[in-house]
Amino acid sequence: MTEFWGYVRPDGSAGARNHVLILSGTVYANKVCDKVAGLVHGAVAITHPLGRCQVRPDLRMTRLFLSNTGINPNVGAVVVIDHFREEGATAEDIAHDIQQASGKPVAVVNIRESGGMIAALEQGVRYAADFARALSDLRREPVPLSRLLFGTECGTSDTTSGLASNPATGICADRIIAEGGRAILAECTEWMGCEEWLTSRAATPEIAQQIIAGVQHMEQRALASGEDIRGSQPTGDNMVGGLTTIEEKSMGAVKKGGSAPVVGYLEIAERPASTEPGLYVMYGPGHGAESISSMAAAGCQVLVFSTGGGHTASHPIMPTIKVTGNARSFELMRDTVELDVSGVLRGELTLEEAGRMIFDEVVAVASGRLTKSEALRDDNSFAIHRVGISI
Amino acid sequence: MKKVFVVEKEDNVGTAVGEAIRAGETVGTEGRVTDVTVVARADIAYGHKIALRPIARGEQVIKYGLSIGTATQDILPGDHVHVHNVESNRGRGDRAAAQAQKGAEQP
């Protein structure tokens with residue numbers, strides 16, 4: 001059985017990274033978070049434009065995303081920074097959630113209570129530096145793949161995605177699951193047209209129902225905002241490109257989740273309650289940064305991002321491996337794309353070999369190898385899903 | 001010989017992923033099926049599909065080992081397989097929307 005070298009956390013989970021996370025509670029604390037992270041070794045900031053004047057379902061969503069990201073095993077300790085204590089998703093709420101669920105060290109900095117911006121910066125740096133030193137005592141140890149939660153995503157897709165990089169990513173997902181691990185397939189807008197393939201693999205009738213309901217729910221939300229996402233599928237451009245039906249388009253996307261039984265349905269950013277090996281499907285949009293962030297919140301330690309045109313997507317705390325089946329895209333985007341599986345389409349590489357390449361990269365990255373985006377500190381993909389309007 | 005890519009061995013279509021294929025050219029296969037040759041009966045552009053076997057009207061068009069739609073006419077090996085001879089099993093979204101619109105307008 002394959003093992004990876006992980007940081008074992010107080011709750012038994014295993015991290016692929018050992019970050020000190022500087023987590024912003026509100027848009028107004030973002031810059032302080034960036035400054036703290038810039039001054040402390042191994043610290044990474046997560047910032048966002050939300051946390052105030054949101055409707056209740058959105059405040060709950062913001063809290064869920066932030067708390068669950070802090071709980072992710074790639075995070076060793078957290079400093080949550082807020083500018084003022086208000087009702088909703090406060091720094092205290094978020095810190096409480098993280099501590100309760102994971103037992104990891106968490107500190108709160110309130111800009112107002114600490115005496116202003118400069119004092120808050122000092123306090124945040126001190127907490128973060130102390131955490132960084134404490135975490136540096138941790139050593140990686142071999143852990144089985146059964147402790148890996150693997151995320152899959154595709155974006156900037158082209159003809160090569162459905163034929164090469166997505167099926168190869170699916171083979172990698174199947175292998176991880178065969179070794180006792182779990183994988184997540186999100187982006188439920190892309191299940192539209194191949195719901196039956198997913199429901200036929202559902203472990204229970206309830207999961208099958210949830211899959212159908214999830215797609216319908218997303219479709220209704222889009223319709224309510226005046227957007228018919230089914231009516232135009234496949235799009236005119238898709239047809240010019242050779243895609244004939246919505247089934248064909250969706251299967252090309254859903255292939256990245258592999259072919260294993262679907263053992264769980266997750267709401268967006270929900271942490272799976274079960275450790276049962278298999279594929280977990282997650283409700284959520286195709287929006288790359290939101291989708292990646294929802295899987296990091298679910299606890300994914302590593303994600304493979306399959307791309308046709310090439311991509312820069314990279315989550316701040318979840319290494320994001322990019323794979324393309326388009327040789328030209330690899331040339332153009334080689335600074336941030338790890339793997340070129342275009343040999344599949346030239347007959348130089350079988351899909352199985354491409355799947356193994358991806359699997360080997362996932363295990364190496366889970367064990368500490370930096371992704372290209374990490375090496376460049378290009379962590380650009382954190383976004384919180386929104387339900388309603390700002391108020 | 002130019003080749004088309006076949007994802008699963010059950011597939012009855014292949015996808016052009018190299019140079020565009022001209023009508024009359026002999027085409028081989030790459031991927032999970034490597035032993036089929038057909039003569040293209042139409043030009044097949046990059047990303048478009050070609051039939052590898054006869055697909056009778058009403059039969060399923062298989063790609064990814066799964067049905068991507070139903071043949072609306074008899075398709076011969078080497079034919080271009082696209083919206084002119086395949087219909088989605090899910091219905092066409094634009095038609096479903098038109099139908100829903102009609103339903104909504106009824107009192």
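Me: Before we start, what should I keep in mind about the model and numbering?
Reply: It's predicted, so local features need pLDDT of at least 70 and side-chain atom pairs count only at pLDDT 80 or more, while totals for chains, interfaces and linings use all residues. Residues are numbered from 1 along each chain as its sequence is written, with chains lettered from A and ligands numbered from 1 in the order in which they are written.

Me: How many residues of chain A are in contact with chain B?
Reply: 22 residues of chain A, against 27 residues of chain B; contact is C-beta atoms, placed from the backbone, within 7 Å.

Me: Which helix gives the largest share on the chain A side?
Reply: Helix 9 of chain A, with four residues. Helices here are DSSP runs (H or I, at least four residues), numbered from the N terminus.

Me: Switching topic: at what angle do helix 5 and helix 12 of chain A cross?
Reply: Roughly 60 degrees, with axes (lines fitted to C-alpha atoms over the stretch in contact, angles from 0 to 180 degrees between N-to-C directions) coming within 8 Å.

Me: What covers the buried residues of helix 3?
Reply: Strand 3, helix 2, strand 5 and strand 6 of chain A are included. Strands are DSSP runs too (E, at least two), and buried means 20 or more other C-beta atoms within 10 Å of a residue's own.

Notes
Two residues are in contact if their C-beta atoms, placed from the backbone, lie within 7 Å.
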